[in-house]
Protein chains: 2
Amino acid sequence: MSPRRSALAAQATRVAVIEETVNRASVEGLNGVSIGELAEGLGMSKAGVVGPFGSKEALQLAALDRAIEIFRHEIWDPAAGAEPGLARLKSISDLWLGYLGRGVLPGGCFLTQSACEFDGRPGPVKDAVVQALSRWHSVLEAEVTTAVAAGDLPDLDPGQVAFELNAIAQGVNQALQLRGDEQAVLRGRRAMRRTLHLD
Amino acid sequence: MSPRRSALAAQATRVAVIEETVNRASVEGLNGVSIGELAEGLGMSKAGVVGPFGSKEALQLAALDRAIEIFRHEIWDPAAGAEPGLARLKSISDLWLGYLGRGVLPGGCFLTQSACEFDGRPGPVKDAVVQALSRWHSVLEAEVTTAVAAGDLPDLDPGQVAFELNAIAQGVNQALQLRGDEQAVLRGRRAMRRTLHLD
DNA sequence: CCTACCGATCGGTAGG
DNA sequence: CCTACCGATCGGTAGG
């Protein structure tokens, strides 16, 4: 009855709806998930699901934010403990492949899924996907620049290395999700090591 | 009135519906396209669109077949003129990147789009996507095997090379479609050349 | 956060 | 290949 309790309950509901959306959207896509499905999965009414967000698009944006948070928690945060430069790039590679291989989300990499789904659909969701991937790209570039400056890498084009690492992650994700190819993680590791001139 | 004329007309209708579906689905996905949209775009009734196929799923399979045909026509057929082995792999790489860069379909690579959309949706469409990508993978592996046997490549794992080429193509497609990154094709070319040990 | 409801659209079919 | 229609579901809202 107190405002505190109801505010907490409302927050818990938001979190539960977002969690369900992230899990389902990793499989079916952010557009593929309907409010009715979410409501049934959560044992709630449709109004209860969409109410806290106002619209499906606002819920999609909230789910995307949450997926980015998970990605950061799984990869960037633990890698931040490594020395900037090549050591951190190695750490990022291992964590990234581990994240994909463990199947943290049931449908694989959320950002890859969303990028595919929204690349031809202009709007706020696409803009948010572009921003998230661009930031990740910049992070990778910065680490390459540091590694080159430290003499741990030959004079590579940072954008080229970032492009290749990202492409390899996409390849691993496709092989895992589409064909359940168990070798994919190993192939991804080999490819990333070659991109980072580690062999 | 003659059966011949009406059979031809029916065939022309089938082709028009498939063409429209391929174009739209490359942008919105095979599930994202509705029969009503197709009907409006073609100036036909919904019954006229779905009738020749029987169901939306049958139309999706027909569109996928057509997209595979386009891919083969754009890449495999012209590359078949090159010597088997490394020369053909170089040819495939250039044609593949050219196909992606020219924007043959408005939404980019149809197979990548479909793979993303159906990897978590078991059924006949997913099966067809898996089969098409597996065959392409085998084609690439066979060319690598030939190139290694001819001494034009070091003793590489054909599956690894096929994996990397496919990953690079996905990376190029994403960069082009999502961010309109003009450098993507150039980056893809550099990455493929490195995978094929051409530098 | 629920019930009850809105107009729109979905895939698909009957009948011609 | 069209008109007319089916039940189901869509995203969303009013009112409590």
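These questions and answers cover a predicted model, its DNA strand D and the interface of chains A and B. Local features need pLDDT of at least 70 and side-chain atom pairs pLDDT 80 or more, while totals for chains, interfaces and linings use all residues. Residues are numbered from 1 along each chain, chains are lettered from A in the order written, and side-chain values use heavy atoms without hydrogens or water.

Reader: How many residues surround DNA strand D?
Author: A residue is near the strand if one of its heavy atoms lies within 4 Å of it. Ser34(A) and Thr13(B) are among the closest. The surrounding residues number 16.

Reader: Which element gives the most to the surface near DNA strand D?
Author: Helices here are DSSP runs (H or I, at least four residues), numbered from the N terminus. The element giving the most supplies 3 residues. That element is H3(A).

Reader: How much area do chain A and chain B bury between them?
Author: Buried area is the accessible area (1.4 Å probe) lost on putting two parts together, summed over both. Carbon and sulfur atoms carry 50% of it. The total is about 3600 Å².

Reader: How many salt bridges does the rule find across this interface?
Author: The rule asks for a side-chain nitrogen of Lys or Arg within 4 Å of a carboxyl oxygen of Asp or Glu. Glu164(A) pairs this way with Arg194(B), at 2.9 Å. The count is 6.

Technical notes:
Helix = DSSP H or I, 4+ residues; strand = E, 2+ residues; numbered from the N terminus.
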